[in-house]
Amino acid sequence: MRAVERLATRDWSSHPTQHYPRYRSTELRAYKRRLVPLQPSLSELTGPVFGHVAVDASDSDLTRNAVRSGEVLGERIIVSGRVLDEGGRPVRETLVEVWQANSAGRYAHQADNHDAPLDPNFTGTGRALTDSEGRYRFTTIRPGAYPWRNHHNAWRPAHIHFSVFGTAFVQRLVTQMYFPGDPLLTLDPIFNSTSDLDARNRLVAKFSPDLTEPELALGFEFDIVLRGQAATPMES
Amino acid sequence: MPPQTPSQTVGPFFSHALTPAGSRPGRIPGNRIADEAAPGVPIRIEGRLLDGVGDPVPDGMVEIWQADDEGVYGRIAEGFHGFGRAGTDPDGRFTFLTIKPGPVAPGMAPHASVAVFARGMLNHAFTRIYFSDEAVANAADPVLSSVEPTRRGTLVATRNDRDGIQSYEFTIRLQGDRESVFFDA
Ligand SMILES: [Fe+3]
């Protein structure tokens, strides 16, 4: 069994406000009552483990993992980073899942009715396990911006959705990664639902010459810091 | 100390990536946490996810983490994983097939930890499932006891056997008079 040793509460100065009127869907879906404090027990400090049974290397190359008849369309990119805890320690062998729109701004999801072309060779979904240094790496294409009906002329900035587990169930994090220099960021209610500017900017990946590969793909670095620290192996 | 990465909503377009409908079968657990080979009492949890006016949330996702039948976490046995994930259907319904968890420690009532995700939820919400047929254990449970009495019922799944399977109904209300208890867990 693996468990996290010390766990502070979620840092609510970093996380969004649950009821954020500019993001209209929060109106009926944000909890309104105060969260009930819970002293972490084993129920919170342990969490699921997904080994190599759940993931293989091909799952992390979104330009290949759904190819049927040709090349994926769009600008190839590499997205890599480390999953860390608040002590700066790597979170090893944890599951990272991603999903995103294609280069035209359309999801391979039946509910997406944006009038932009689907790419038959791209589902925009992938998963990876972090390595012994907490590092993950995806090859994909740069997603397009897409319109949504939140307000007049609303467009989501280009983003990749991330789902990360960590070691403890309450380290669970679902977030979105954005791209540097995107003019849509200042207009986007979801990005701006976190009031702290520094915290928001941690959602913006950094262009990385080191991750960039000649004649292939631009590289972006995106580290993810989960709540809690000191993941200690325990025998059960 | 590096600061925490902010949460963001799961959005509306995750099911093909995260739920079994869209993933290669058998690789990430879906809503079947335990199968016939798993030791323990097989149970079914039939849930609903509702918004502030009681309408179903059709684009939500519920995850469960639970101990095995002896109350041990993280012991992956044949037919049992401990983790499950289910998307909600157009009626906001979700189902888990699992086994009744054992008590994790003396004085604690059997329960499962729950994380709730949906478009419109900027942070996921943590709640718990307790079981209505554990009244004595529930009355002694320190977490249930820490919740004001009028709200405890939102954490207790109601036994309602169907089709010969020990079944429980559990409703998660994101808002309203009977808003579920969510934990700062
Ligand atoms: Fe999106």
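A:Val98 has A:Gly126 of β5(A) as its bridge partner. This is a predicted model, in which local features need pLDDT of at least 70, side-chain atom pairs count only at pLDDT 80 or more, and totals for chains, interfaces and linings use all residues. Residues are numbered from 1 along each chain as its sequence is written, chains are lettered from A and ligands numbered from 1 in the order in which they are written, and side-chain values use heavy atoms, without hydrogens and water.

**Sheet in chain A**

Strand β4 (residues 95–100) of chain A pairs with β5(A) in the antiparallel sense, over 5 bridges. Strands here are DSSP runs of E, at least two residues long, and helices are runs of H or I, at least four, both numbered from the N terminus. Two strands pair if DSSP finds at least two bridges between them. The open sheet of chain A holds 4 strands, ordered β5-β4-β9-β10, with antiparallel pairing. Its edges are β5 (125–129) and β10 (173–178); each has a single partner strand, so one side of each lacks a neighbour in the sheet. On average, neighbouring strands are turned by 25° against each other, direction ignored. The axes behind that angle are lines fitted to C-alpha atoms, and angles run from 0 to 180 degrees between N-to-C directions.

**Strand pairing between chains**

Strand β2 (residues 36–37) of chain A pairs with β9(B) in the parallel sense, over 2 bridges. There, A:Pro37 stands opposite B:Asp184.

**Interface of chains B and A**

Contact means heavy atoms within 4.5 Å. Buried area is the accessible area (1.4 Å probe) that two parts lose on being put together, summed over both.

| Interface item | Value |
|---|---|
| Residues in contact | 67 residues of chain B, 81 residues of chain A |
| Buried area | about 6500 Å² |
| Carbon and sulfur part of that area | 55% |

In chain B, B:Gln4, B:Gln8 and B:Phe13 lose the most area to chain A, together 13% of what that side buries.

The rule finds 4 salt bridges across the interface. A salt bridge is a side-chain nitrogen of Lys or Arg within 4 Å of a carboxyl oxygen of Asp or Glu. One salt bridge joins the side chains of B:Glu63 and A:Arg172, at 2.6 Å, N to O.

Several elements of chain B each supply at least two residues to the side that touches chain A, among them α1 (15–18), β2 (60–66) and β5 (112–118). The largest share, 5 residues, comes from β5(B).
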